[in-house]
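Work through the exercises below with the model open in your viewer. Try each task before you read its solution.

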Amino acid sequence: MSAHRFTAQELKDRLELERAGEPFLECPGVEGAPALFVLSGADRLTIGRQGASDLTIEGDPAVSRLHAQLERVGGSWVVADDGLSRNGTFVGGIRITGKKRLHDGDTIGIGGAVLIFRHAAEEGDRTAASSEDPAPVPVTETQRRILVALCRPFGDGSEFAVPATNKEIAEEVFLSVEAVKAHLRALFDRFGVADLPQNQKRLKLAERALRSGAVSPSELRS
């Protein structure tokens, strides 16, 4: 998965879908998928690695050939796995079993891809957070382990610490360097640092992971 900056046309299309109250998925940087995937017009859609899927995610071995389904139930949409995938489907960073109703802004984790469910008509069902603290950012278990490894050099409180390298992270979490890079690209998007200069992304990601509670200081000392 690579970082994706929406084009002017894509931003216009997204605004029109939101104004019309149409449900859609944002697929930033998901290989093989359009930037915006409209859900209206069908009651059931499939997501997977195989070309026959309605929404295809290419080049990610963690994605099953048929990974998950999106279904319209009444006026709502649900995502269903039901054992279709080998590595699971995550909503808000939590692995689902069976079906999970989707709300506007929910993230759907499939392999290294992060899809964002959008349905402006459901905004009224959500309550704004009253805390001034940063809102929790949902991550998968693998991404959380990568964040812990990235932040580990900060465990001793040194002001001169720098985030771990991709090689150091890969050795700690038992993944390839390329897999670590893919997960980090997804995390840059998720924590809102993808547009920063390359030499600032890793440090800012570490700072936001620690500040948001995605990584706790106690984990860095284990």
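**Exercise 1: a hairpin and its neighbours**

Strand 10 and strand 11 pair in the antiparallel sense over 4 bridges. Strands here are DSSP runs (E, at least two residues), and helices are DSSP runs of H or I with at least four residues, both numbered from the N terminus. Two strands pair if DSSP finds at least two bridges between them. The model is predicted: local features need pLDDT of at least 70, side-chain atom pairs count only at pLDDT 80 or more, and totals for chains, interfaces and linings use all residues. Residues are numbered from 1 along each chain as its sequence is written, and side-chain values use heavy atoms, with hydrogens and water left out.

Task: find the bridge partner of T107 in strand 11, then describe the turn and the other pairing of strand 10.

Step 1. T107 has I116 as its bridge partner.
Step 2. Now check the faces of strand 10 (residues 107-110). T107 and G109 on one side are buried, and so are I108 and I110 on the other. Buried means under 20% relative accessible area; exposed is over 50%, and partly exposed lies in between (1.4 Å probe, protein chains only).
Step 3. Recall the rule: in a regular strand the side chains alternate between the two faces of the sheet.

**Exercise 2: a buried arginine**

Task: what does the side chain of R190 make a polar contact with?

Step 1. Locate R190 in helix 4 (residues 177-190).
Step 2. R190 is buried yet has no salt bridge; D189, the nearest side chain of opposite charge, is 8.6 Å away. A salt bridge needs a side-chain nitrogen of Lys or Arg within 4 Å of a carboxyl oxygen of Asp or Glu. For charge, Lys and Arg count as positive and Asp and Glu as negative; His and the chain ends are not counted.
Step 3. The partner is the side chain of Q143, at 3.2 Å. A polar contact is a pair of N or O atoms within 3.5 Å; within protein, one must be able to donate a hydrogen and the other to accept it, and residues adjacent in sequence count only if both atoms are side-chain atoms.
Step 4. Q143 is one of the buried residues of helix 2 (residues 141-151).
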